[in-house]
Structure formats: C-alpha cells, structure tokens
Amino acid sequence: MGMKERMHTGEIYDPNDENVLKEQIICLDRLYDFNNTRPTDLEKRGEMLKEMFAEIGENCYIEPPLHSNWGGKHVHFGNNVYCNFNLTLVDDTHIYVGDNVLFAPNVIVATAGHPLDADLRRKAYQYNMPVRIGNNCWIGAGAKIMPGVTIGDNTVIGAGSVVTKDIPSGVLAYGVPCRVAREIGEHDREYYFKDLKIDYGKL
C-alpha cells in the first residue's frame, strides 16, 4: 500500500511522499485561483468549487479566503452550506458536511494528527481521521473540530469551542473541551436570543 492510500486508512504515513506532493500542489494551485476571484465572480466560483471538491451540493457559498490542505479534494458538502471567511479545512482525508450547515468565521475542521513520539514527528509522519458534521448544524466563530469527530444533526457548536469528542444531535454544546450544555427544544422555538421572542408573523 502506497502513502497516498494510507492517507485514508488511519495509518501513519509520510505526507512528503513524492506522489502525495505531486497531486497536492495541483489542488493548491486551484485553491489559490479561487481565493483570488472577485466578489462579482459568483458563477465562476461555483464552477471552480465543483472541480475542487469531492462533492458539493446546490446553493453552497464559501467566502474567500478558504484555507485547505487539499483545496477541498476530500471534502463532501451537502446542499445549502454557507461558509464565512477564513474557513480552514485540513482535508488530508475526508470531511463530510450535511445540508443546511452554517460555518461562522475562522472555523477549523482538522482531520490530520501527528504521533506523540518525537522521533516520528521529526520525520513529519502523520495520520488522518475523517470528520462528519450532520444536517442543520451551526458551527460558531473560531470553533475547532478535531480529527475523528462526528457532530449530529441540528446541533449548535458555540464560538471558540474545541471539539475533541463526538457531539450528539439536537444540542447546544460549547467550551474547551466542548461539552453538551443542553438540548435544543421548545424554548428555542419561542426565543432567538436571551429574552427576545421570535415574531413568526414577520418572517
């Protein structure tokens, strides 16, 4: 098994392998072009993302700059995904994102890790674990999602959180490390912020 194949098995591999770098640099060139598009180039951006990403659904928007180890090559987006500026996708292996997901500014989704053994790190060895984010999630500003994490449907991750373990569906979770604070329920259908009520008649 070559180094490229090991990227997606969870095994330790050498990211500086010649075959790995040869393919990666092509992806990074495409990412550079995407980040240098003009705000009026919306149609062009959409076409570029279809070429860059493993999968990308309808009505997805990514605000440049986007940072990504593989330019989205291992990223799978559903429909209606919105990404504010400075999203970082460490997509050395696969990142799966469902429908109707919001990424606030400066979010990091990381699939790559390095061994704790210093000798292996000096040789730049790493391993990758996939990340999965469900439908209808909101990832708050500056949140960091670590390798191997799964976040369930309809969940909100608070700003600045460091998500090191799986988070279930339908909850508000935040903190360092990120923990479930409470379920999202009837109260949240009536109030949108503190004591401010939702006026459904105006929506």
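The second largest pocket is lined by Leu42, Arg45, Gly46, Leu49, Lys50, Ile56, Gly57, Glu58, Asn59, Cys60, Tyr61 and Ile62. A pocket here is an open set of points on a 1 Å grid over the protein atoms alone, where a 1.4 Å probe fits, with protein on both sides within 12 Å along at least five of seven lines; lining residues have an atom within 4 Å of a point. This is a predicted model, in which local features need pLDDT of at least 70, side-chain atom pairs count only at pLDDT 80 or more, and totals for chains, interfaces and linings use all residues. Residues are numbered from 1 along each chain as its sequence is written, and side-chain values use heavy atoms, without hydrogens and water.

**Second largest pocket**
- Helix H3 (42–52) gives the most to this lining, with five residues.
- Six nonpolar, three polar and three charged residues make up the lining.
- Its volume is about 250 Å³.

**Largest pocket**
- The largest pocket has a volume of about 480 Å³.
- Of its 17 lining residues, Val156, Arg182, Ile184, Asp188 and Tyr192 are the closest to its centre.
- Helix H5 (186–190) and strand S19 (191–193) are the elements that give two or more residues to this lining.

**Cysteines**
- The whole structure contains zero disulfides, a disulfide being a pair of cysteine sulfur atoms within 2.5 Å.
- For Cys27, the nearest cysteine sulfur is that of Cys83, 18 Å away.
- For Cys60, the nearest cysteine sulfur is that of Cys83, 7.5 Å away.
- Cys60 counts as buried at 19% relative accessibility, since buried means under 20% relative accessible area (1.4 Å probe, protein chains only).

How values were computed: Buried < 20%, exposed > 50% of the residue type's maximum accessible area, 1.4 Å probe, protein only. Points joined across faces, edges and corners; volume = space filled by probe spheres on them. Helix = DSSP H or I, 4+ residues; strand = E, 2+ residues; numbered from the N terminus. Nonpolar A, V, L, I, M, F, W, Y, C, P; charged D, E, K, R; others polar.
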